[in-house]
Every structure is written in C-alpha cells, then in structure tokens.
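Subject: Structure handover

Hi,

Here is the structure I promised to pass on. Please open it alongside this note.

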Amino acid sequence: MAEEWKDKVIQEKLGGKKDWTDEERAELCRQLDEELESHIDAMGKTRYKGGWTEENWKEQMAEHPLFAPYIQEEGATQAEAPINPLSEGLAQLKFDPDHNTPEEVAQNYKEEGVLQFKYKKYRLAVANFSEGLKQKCSDYDLNAQLHNNRAAAHCHLGNYRSAIKDCEKAVELKTDYLKAVVRAVDCATKLNSWDEVFHWCDRGLRLDPTNQKLKTDRLTALKEKKLLERNARKMARDENKKATEEQNLINAIKNSGVQLGSTVLKGSSSISLSDLEPCHPAAQGSRVHFNESGELVWPVMLLYPEHHETDIIQEFPESDHIIDHLEVIFGKEAAPAPWDTEHKYQVNNLHVFFEDKEKTKLCKVDPNQTLQQVLRDPRYHVLGGTPG
C-alpha cells in the first residue's frame with residue numbers, strides 16, 4: 001500500500017522520475033505540506049454531519065453491540081433491557097463449548113468473574129467462577145484459581161464456610177497455593193474457629209516459614225482461644241453455682257411445707273422454678289429468693305377488692321410482720337392512695353384476709369403474724385409464685 005502511494009505521488013509530481021535531486025525532494029515536501037494545510041483548513045470550515053447529539057446519543061449507542069444491553073427504554077428495568085443480537089452472538093461465541101476448548105471457556109468465565117468482582121458484583125462473580133469450574137478442564141492451576149477467586153467472592157458476601165471449602169479445593173489442586181491458605185486463615189478468623197486458624201497457619205508456615213502475617217494471626221488465635229476457654233470455664237462455674245442455688249431454693253420451699261396451688265410440696269419432687277415465676281406484670285423479675293441471711297424473700301400482692309386495686313411488695317422477707325409493711329403503706333406518715341378518696345384505709349381500720357385454697361371462704365389474718373406463719377397455714381396456698 002505504501003509503495004503504491006509513493007509511485008502515485010512520483011507520477012503526479014515528478015512525471016514518473018525516480019532519480020531525484022535534493023532540490024526536487026525539498027520542493028516535493030513543500031508541496032505536500034501546503035496540500036495538508038489546505039485540507040485541514042477546509043475541514044475546519046465544514047460542519048461534520050452525522051455525529052452524536054444530545055438528542056440521538058442513546059439511539060446511536062443502542063446500535064453498538066457492546067453498549068446495546070445497557071440501553072433501556074424509559075421506565076424499563078434492568079431485566080427488561082433488550083439484548084442486541086450481535087452482542088448475544090459474541091457472548092455465545094465466547095462461552096460456546098462448540099467453538100472453544102474447556103480450558104478456553106473456563107478462562108473466559110474466570111475473566112468475566114474477575115470483572116464482576118472488580119465492580120463489587122460478588123454474586124455474579126460467584127456465578128461466573130462456578131460456571132468456569134463446571135467446564136471440568138484439565139488445567140489444575142486454572143481450576144485452583146477459580147476456586148480461590150470464588151472463595152474471595154464468598155468472603156465478601158459473608159459466606160465464610162463456603163469460602164473455606166473453596167480454599168481447601170484450591171490447595172488440593174495446587175499444594176503450594178499460599179494465597180488460598182491466607183484467605184482460609186482470614187475466613188476462619190471471621191468465624192472465630194481458632195482450631196481451623198491453627199491448622200491453616202501451620203500449613204502456610206510450612207510453605208513460607210517467614211510469613212509474618214501468618215505468625216501474627218496464629219498468635220492472635222492462640223490468645224483468643226485461651227480467652228474463650230477461660231470464659232467457658234467461668235460460664236460453667238456460674239451455671240453450676242446458679243443451678244445449685246436454684247436447687248437449694250426448691251429444697252427449702254419443699255421442706256418448709258409451703259403449698260403451691262393445690263399441691264402440697266413438702267416431700268414432693270414436682271416443684272420447678274417455673275411454678276415460682278410471678279404472674280403479675282408488676283412482680284416480674286421478683287421471684288422468691290434467699291437474702292443474705294439465708295431466709296426466703298417473696299413478692300407479695302395486696303388486693304383491695306372494694307376499689308379493684310392492687311399493690312405489689314417486691315421484697316417481703318418471711319421474718320417480716322404483716323403490720324410492718326402496712327405501716328409503710330397506710331401509716332400516719334404515708335400519703336393516702338389516689339383511689340382512697342375517703343381516707344378510710346388507715347392501719348387501725350384494716351382487716352387482712354387470704355382466700356383458702358378451695359376459694360370458698362376468706363380466712364382472717366392477724367397483722368402481727370410474720371409472713372412465714374401465714375404461708376405455713378394449712379389453708380393457704382401460693383398461687384403464681386406470688387403470695388396474696
């Protein structure tokens with residue numbers, strides 16, 4: 001092509017003469033420069049027609065096979081975007097096993113997955129790496145890379161266990177694949193699976209004994225595992241202590257002869273902590289327990305049927321007298337209850353009763369009695385873990 005152009009210029013400018021003098025060469029260069037300048041000047045004066053404008057750029061781009069899949073009609077979703085036949089054909093050629101070897105298809109899927117990964121489309125990246133592995137190509141290094149890349153995408157999605165499995169596959173295919181080993185260490189660390197961290201760190205240090213990251217990660221895992229074991233021992237001690245305290249509580253109630261519901265608990269093994277949980281919302285979290293002196297402390301409910309009102313005394317030791325708490329609520333120094341508009345509820349005017357376990361009659365209580373004396377009355381039973 002260059003020789004034809006040269007011969008054409010010689011024929012036009014020099015009449016076919018090939019033996020040029022220096023003056024002739026200089027004259028030819030001058031003429032060519034002038035023609036080029038004239039051509040450029042002429043282009044500047046002529047407006048280019050057929051270029052993209054603000055009005056037609058979308059239509060022009062839609063005709064291009066690379067951009068067509070991303071051009072949508074107004075209001076269309078991504079799923080509705082039309083597929084350009086040429087673009088679809090190119091994609092089919094790229095991934096078609098009839099036109100490519102398994103190694104080429106796997107490599108193409110790998111490159112597509114890397115591109116999706118670069119734009120943080122990790123699910124699409126996983127899909128492409130998976131398609132590459134489905135080709136079952138004979139290139140072990142390529143398969144190892146596909147597993148490692150898929151592990152990286154899984155890691156970004158928080159699928160740490162799946163990522164570790166891919167790292168295992170990658171190292172099976174390529175035993176010195178340190179990058180996959182390091183990724184497995186990172187994923188095991190995310191899972192707080194310290195034994196796995198030791199396993200992968202030791203494996204990586206056999207490949208690279210000077211790898212500082214693996215040394216640091218192993219040391220961190222060792223500290224975290226010791227802390228985890230210490231916390232587990234402490235939790236076990238606390239649970240055993242709590243279980244012992246709860247069993248002592250149950251035994252104390254059984255031996256005291258307190259009746260729960262319609263069942264006599266003395267000598268019975270049917271009592272459970274759920275039987276002692278208060279039912280009243282105001283008494284929640286105030287289950288019967290031991291105080292520092294080792295005596296039982298109950299939540300106690302006071303009912304005022306005349307006004308459909310109640311009071312909850314959350315801490316009522318068994319050794320306390322009924323009158324002591326009534327003095328606090330209705331004594332001279334206490335403000336009258338909002339519902340006691342006539343101020344009838346005075347300590348000296350109060351009569352205390354409890355309902356027998358058959359709920360057939362009211363039993364009068366001496367306010368000078370202790371709570372323990374009332375609870376041991378054979379006619380009385382504790383309902384819902386809250387004496388009332």
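Predicted model: local features only at pLDDT ≥ 70, side-chain atom pairs only at ≥ 80, totals over all residues.

Salt bridges

The structure holds nine salt bridges. Three of them are described here, each with its setting.

Start with D202 and R218. Their side chains form a salt bridge, with N and O 2.7 Å apart. This pair ties together distant parts of the chain. D202 sits in helix α10 (residues 194-207), and R218 sits in helix α11 (residues 212-256). The two are 16 residues apart. D202 is partly exposed, at 28% relative accessibility. R218 is also partly exposed, with a relative accessible area of 29%.

Next, K213 and D217. The closest N and O atoms in this salt bridge are 2.7 Å apart. Both residues belong to helix α11. They are four residues apart, about one turn of the helix. Is D217 buried or partly exposed? D217 counts as buried because its relative accessibility is 17%, and the cut-off for buried is under 20%. K213, with a relative accessible area of 34%, is partly exposed.

Then D238 and K234. Their side chains meet in a salt bridge at 3.2 Å, N to O. D238 is partly exposed at 40% relative accessibility. K234 is partly exposed too, with a relative accessible area of 46%.

Strands

Now to strand β4, which covers residues 296-304. How many of its nine residues are buried? Eight are, so the strand is mostly covered.

β4 pairs with strand β3 (residues 289-290) through two bridges, and the two run antiparallel. F290 stands opposite L296 in β4. The β3 and β4 hairpin has five residues between the strands. In that hairpin, G294 takes a positive phi near 85°.

β4 also pairs with strand β5 (residues 309-317). Seven bridges join these two, again in an antiparallel arrangement. Here V297 stands opposite P317 in β5. The hairpin of β4 and β5 has four residues between the strands. H308 takes a positive phi near 55° there.

Best wishes

Technical notes:
Residues numbered from 1 in each chain as written. Heavy atoms only, no water. Salt bridge = Lys/Arg side-chain N within 4 Å of Asp/Glu carboxyl O. Buried < 20%, exposed > 50% of the residue type's maximum accessible area, 1.4 Å probe, protein only. Pairing = 2+ DSSP bridges.
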